[in-house]
Amino acid sequence: MILYDERNVDACTWPETPLGRLARDYFVPLMKQGSTAYLSDRTTLRLVEMDDLRIPLAINDAEYDNSALHSTYARYISLQLTGVTAQAYGAVRAAVMRGGMKTLGAMLKAGRIDKIVYVDHWLVLRNLSTQFDDAQVARLTDFLVEQFPGHAIVFLALNPASYSPLLNTLAGRGYDFVYGAHTRVLLPTQADVTRQVRENRRRDGRLLEAAGYRIVDGREVPGCERRLMELYRALNGGKYHTNLQYTEAFFEWTLRERILEYRLAVKDGRVDGFYAHHVHDDVLWSPLFGYDLSLPQELGLYRGLVYQLMQDALDVGQTIELGPGADPFKSLRGSVPVPRWSAVYTKHLSGPRRLAWRTLQRYANDAVRPASGAMLRKIDGDGIVGFGPLQLPFTPPTGQTPIEAARTLREQVDALEASLDAASRLEGEARLRELAPLSQTLHNWPQPMPRVVALRERLTKLEQEARRKPAPTATAAAVPPAEHARQLLQDATRWGDTALVAAHLGDATAPHLKALVEALRQAAGSVGVVLTATRGDKVVLVTAASEALRGLGLDAGQLMAKAAPCVDGKGGGSPEVAWGGGSRADGIDAALTAARQYVQSHLAGTVPGRPPDDGP
């Protein structure tokens, strides 16, 4: 292994991997110019070469005034103190809490809690941690202990949704774990998307356009760097004043080199809001976000920008990580909380130093974690996962990892596309039978993405083609009614033992229709019939129900009541056979569909223990 600093890093060779290129193009300029050229935090940057990996290090000694990104003291003391106010807790309780936290802070400083080497730490870019194997963790830990014998070794804020394997590997190599707050994620395969969540997103999606904003790529707005810095600082220098700050040079550099992808909300040539994001291992994360706080809240800039950010991920089947903060809002958009844990190696440190870390671990795991869980349960309910006492091994609280979710989603959509291809080679009722389950899946898709929307449109066209193709008149006239009935029964839509013959017969004659209906009504089993024919611009409609179907509570009159309005018609008759007509031939497809849906929903409620089956 080789340790590089700003003086010898030019001798490093770079693997042709995404992280190798990012280390060369993003991390090395930070090393050479120093963190304060771009960031408000002071930290020393180094790079480790191990195998085909280039591993960034951020090294601190006593930078207690840094943000929580580069200071353990700031993360657990300074940042927490900002939230302990008399308004939030009452004057007496707040004073006691602040006193206790300051005492803890003094103990941590005495134990040099900020003398740390942060491993695989890409500063502002999150979610870039490598899934080191056991041998690599052992070699890297031994190397860092040798190079930095007085520093704690820390893998910062890993969430088990993405990094359970790495966390378990670190546990096996003697690392301890300190709770480090939470983040929020939304997987593209998350199925429990409620109606309220869909409605919230739908409203959010209209806000920016309704207010006259366009979302544009940051590279389309030359010279926007200072405005972006001002918007970020307005939000993060005031409302969130403990956050990391960036220089104008940072915005200019990351825009120019496309280290981050910027999206700007522009109106009348003015930038009023923005976010920047990056993607790694199918997770999209936004480290930079800002908007004009002086504008009316009714414009919905925050809501609209968060919606666009979420869609950037969901449209391509990626997980979106939204971070902490504004939890009630983010919960109502479908995200779920996930804990973050820092892995800490201190076995090489002195006794007092290890005691400081054990004290922090008890505070974070036994006080901060339960309080965080209690707060999140009030917002997200008792179903939150991962906020109980630390248990090994780590497992993804989301069920799937983001990589697994993206792969599952691609496989599902590929399978749907293949099924549509197969159905397109069929005709008539045979095609409709194949499309029925696909229609239910596509129209109930929890996170519709452009590819799914395109498949929906294709499915609709295939359904329309199958239903609009009338049975040729010559066939109806030439084939005896009994044989025609047999053919229609063969192509009928079926749910278990029940069949529904729903077909348009072109300009079939009245005698043929009557004989055909009688043959179908007398067929064995549970059979419903909905047939249409045309007389010029008029529609003839006939429905029938076999004795077995009537025994299930379905009769010809009910079928007529569902189908006739679709053709602007009406009809009537007996429970066995009903006749009617209408004036809208363009409603024939809708009439047949309405009948199918009615029979399916009726059977779902009347056949105990047996779900409807659209297959033959």
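## Strand pairing around E16

Two strands pair if DSSP finds at least two bridges between them. Helices (H or I, at least four residues) and strands (E, at least two) are DSSP runs, numbered from the N terminus. This is a predicted model, in which local features need pLDDT of at least 70, side-chain atom pairs count only at pLDDT 80 or more, and totals for chains, interfaces and linings use all residues. Residues are numbered from 1 along each chain as its sequence is written, and side-chain values use heavy atoms, with hydrogens and water left out.

Strand E16 (residues 538-545) pairs with strand E15 (residues 526-535) in the antiparallel sense over eight bridges. In this pairing Val529 stands opposite Ala544 of E16. The hairpin of E15 and E16 has two residues between the strands, and Gly536 takes a positive phi near 70° there. E16 is also joined to strand E18 (residues 577-582) by six bridges, and these strands run antiparallel. Here Val542 stands opposite Trp579 in E18. Seven of the eight residues of E16 are buried, so the strand is largely enclosed by the rest of the structure. Buried means under 20% relative accessible area, exposed over 50%, and partly exposed in between (1.4 Å probe, protein chains only).

## Strand E12 and its partners

Strand E12 (residues 336-345) is mostly covered, with nine of its ten residues buried. Strand E5 (residues 152-158) pairs with E12 in the antiparallel sense over four bridges, and Ile153 has Tyr345 of E12 as its bridge partner. Strand E6 (residues 176-186) also runs antiparallel to E12, joined to it by eight bridges. In E12, Pro339 is the bridge partner of His182.

## Nonpolar cores

A nonpolar core is a set of buried Ala, Val, Leu, Ile, Met, Phe, Trp, Tyr and Cys residues joined through side-chain atoms within 4.5 Å. The largest has 100 residues, of which Tyr26, Phe250, Tyr262 and Leu288 touch the most other members. Helix H1 (residues 18-33) gives the most to this core, with eight residues. Apart from it lies another core of 25 residues, including Leu549, Leu559, Ala591 and Tyr598.

Contact means heavy atoms within 4.5 Å. Leaving aside neighbours within four places in sequence, Tyr26 is in contact with Trp122, Leu123, Val124, Leu125, Trp253 and Ile259.

## Leu516 in helix H18

Leu516 belongs to helix H18 (residues 510-521) and is buried, with a relative accessible area of 0%. Leaving aside neighbours within four places in sequence, Leu516 is in contact with Pro481, His484, Ala485, Leu488, Leu505 and Leu531. Leu516 and Val529 are 13 residues apart in sequence and 10 Å apart in space, C-alpha to C-alpha.

## Aromatic rings and charges

Rings of Phe, Tyr and Trp (its six-membered ring) pair if their centres lie within 6.5 Å; planes under 30 degrees apart count as stacked, over 60 as edge-to-face and the rest as tilted. The structure holds 25 aromatic pairs. One of them is the edge-to-face pair of Phe289 and Tyr291, at 6.3 Å centre to centre and 85° between the planes. Phe289 and Tyr291 are both buried. Tyr26, Tyr38, Tyr232, Tyr246, Phe250, Phe251, Trp253, Tyr262 and Phe274 form one aromatic cluster.

A charge sits over a ring if NZ of Lys or CZ of Arg is within 6 Å of the ring centre and within 35 degrees of the ring normal. The charged end of Lys109 sits over the ring of Tyr64, 5.1 Å from its centre. The charged end of Lys267 sits over the ring of Tyr213, 5.5 Å from its centre.

## Backbone geometry

Most residues other than glycine have a negative phi, and most peptide bonds are trans. Leu123 has a positive phi of about 60° although it is not a glycine. Leu123 lies in the loop between strand E4 (116-119) and helix H5 (134-147) and is buried, with a relative accessible area of 1%. Asp268 also has a positive phi, near 55°. Asp268 is in the loop between strand E8 (261-267) and strand E9 (270-280) and is exposed, at 71% relative accessible area.

A cis peptide bond joins Leu392 and Pro393, with omega about 0°. Pro393 is found in the loop between helix H12 (351-380) and helix H13 (402-424).

## Cysteines

With a disulfide taken as a pair of cysteine sulfur atoms within 2.5 Å, the count comes to zero. Cys12 is buried, with a relative accessible area of 5%, and Cys224 counts as buried at 4%.
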